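Here are my notes on the ligand site and on the sheet beside it in the numbering. Please read them with the model open.

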Amino acid sequence: MSNPHAVLNKVLNARRVSRAQALELVEKASIHDLGQAAYSIRTGLYNNQAFFVYNQHLNFTNVCANACRFCAFSKRPGQEGSYTLSTDQVKEAVASRLDEPIDEIHIVGGLNPELGYDYYLGLLRAVRKERPNVRIKAFTAVEIAFLSDKYGLSHEQILSDFARSGLDALPGGGAEVFSPKLRQRLCPEKVSGKTWLEIHETAHRLDIPTNCTLLFGHIETWEDRVDHLLALRDLQDRTGGFLCFIPLPYQPGNNELGARGPDGIDLMKMIAMSRIVLDNIPHIKAYWAFSGIKAAQTGLWFGADDFDGTIVEEKIGHAAGADTPKGLTIEQLRDYIRSAGFDPVQRDSFFAAV
Ligand code: V47
Ligand code: SF4
């Protein structure tokens with residue numbers, strides 16, 4: 001196939017694009033044509049709806065044994081600014097917002113060598129006790145792999161223990177870019193892309209749905225991005241367990257990687273290509289906390305259907321200089337979605353309307 005319009009027609013007729021076709025679109029299709037194709041897919045799935053969630057982010061520690069070169073959030077044990085919340089402090093953070101109708105609590109942290117396995121189970125139980133009906137989306141595959149290595153427990157064992165203690169879903173963090181060559185330069189100590197995928201496959205087998213991400217706009221190429229999307233698409237073909245894909249724009253502040261981060265066009269192209277390539281992942285998120293609210297609104301016209309949520313308070317992107325608010329009210333979320341031209345639909349972690 002030698003012209004992008006033939007590939008775009010294929011997309012519009014709901015036929016899957018190959019690696020070569022995806023790269024052809026990236027190279028030859030105009031941003032307008034890409035956006036139109038992605039918009040047509042998202043509209044076919046959800047009409048004019050755009051989803052958002054009433055959520056709370058909880059980062060229980062920033063102490064981390066790894067030192068990923070793009071990360072401005074993590075601290076060494078004992079380093080100034082490092083913190084670890086006790087189970088009681090986590091409980092307090094949840095209890096302090098019991099007057100709000102929060103539907104999802106998103107919990108992730110650094111790989112703190114001081115925290116035992118029981119801390120994780122206790123944390124889940126404490127949150128579940130404070131909020132019996134909330135959905136708990138917690139711990140990335142990187143954290144699961146860390147605990148597995150440390151305690152000699154299988155991924156399956158840990159995920160089953162966590163599910164029994166209150167876990168409902170896994171967030172998509174830690175995927176970064178799957179390319180082993182790039183991982184070596186970005187985050188050499190981090191679990192491989194292969195193991196990240198295996199942990200999500202295990203979660204899906206246990207009926208724990210998960211999200212997935214790609215960290216983009218740094219030193220990767222479009223080939224790396226497309227290969228990453230295809231690995232996610234392949235796994236989803238086997239399991240159907242991914243709920244949402246989140247393209248995470250690299251934030252350049254306070255980290256040693258020193259790349260630039262994507263511009264507005266790259267951001268829209270990435271969202272559109274995600275919607276086009278990931279024909280089996282139901283939702284694509286325009287993550288306002290990292291991309292900015294204006295770009296997230298525009299992203300809804302480029303294939304995204306989800307706006308994430310209230311958050312309060314985002315720490316990872318903000319440590320790396322994100323100049324967005326640390327949280328939004330539910331009214332602000334509705335207004336931003338409406339003024340972008342879409343109908344806001346409040347959802348839970350599983351994308352059921354609430
Ligand atoms: O895993 C770290 C990334 C992720 C930087 O599953 C950075 O619903 C950009 O995964 N610039 C955490 N990104 C965030 C995440 C997430 C966010 C919202 C929703 C969900 C979900 C998942 O942030 C990390 C890492 O990939 N990250 N440093 C940085 N400088
Ligand atoms: Fe640690 Fe995660 Fe930051 Fe890497 S990205 S240094 S694993 S907190």
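1. A word on classes before the site itself. Ala, Val, Leu, Ile, Met, Phe, Trp, Tyr, Cys and Pro count as nonpolar; Asp, Glu, Lys and Arg count as charged; the others, Gly among them, count as polar. On that basis the shell around ligand 1 holds twelve nonpolar, eight polar and four charged residues. Keep in mind that this is a predicted model.

2. Which residues are closest to ligand 1? They are Phe70, Lys137, Gly172, Glu176 and Gln251, out of 24 residues that surround the ligand.

3. Backbone contacts deserve a look. A backbone N or O atom of Phe70 sits 2.8 Å from a nitrogen atom of ligand 1. At Gly172, a backbone N or O atom lies 2.8 Å from an oxygen atom of the ligand. A polar backbone atom of Gln251 is 2.8 Å from a nitrogen atom of ligand 1. Taken alone, ligand 1 exposes 620 Å², and the protein buries 94% of that.

4. The largest cavity is the space taken by ligand 1. Two elements give two or more residues each to the shell around ligand 1: β5 (210–216) and β6 (242–249).

5. Both strands belong to an open sheet of three strands, in the order β5-β6-β7, with parallel pairing. β5 and β7 (283–284) are the edge strands, each pairing on one side only.

6. How many bridges join β5 to β6? Seven, and the two strands run parallel. One pair to check is Leu215 with its bridge partner in β6, Leu248.

Note on methods. Residues are numbered from 1 along each chain as its sequence is written. Chains are lettered from A and ligands numbered from 1 in the order in which they are written. This is a predicted model: local features need pLDDT of at least 70, side-chain atom pairs count only at pLDDT 80 or more; totals for chains, interfaces and linings use all residues. Side-chain values use heavy atoms; hydrogens and water are left out. A residue is near a molecule or strand if one of its heavy atoms lies within 4 Å of it. A polar contact is a pair of N or O atoms within 3.5 Å; within protein, one must be able to donate a hydrogen and the other to accept it, and residues adjacent in sequence count only if both atoms are side-chain atoms. Accessible areas come from the Shrake-Rupley method with a 1.4 Å probe; for residues, only the protein chains shown count as cover. On a 1 Å grid over the protein atoms alone, a cavity is a set of points where a 1.4 Å probe fits but cannot get out, and a pocket is an open set with protein on both sides within 12 Å along at least five of seven lines; lining residues have an atom within 4 Å of a point. A molecule sits in a cavity or pocket if more than half of its atoms lie within 2 Å of its grid points. Helices (H or I, at least four residues) and strands (E, at least two) are DSSP runs, numbered from the N terminus. Two strands pair if DSSP finds at least two bridges between them.
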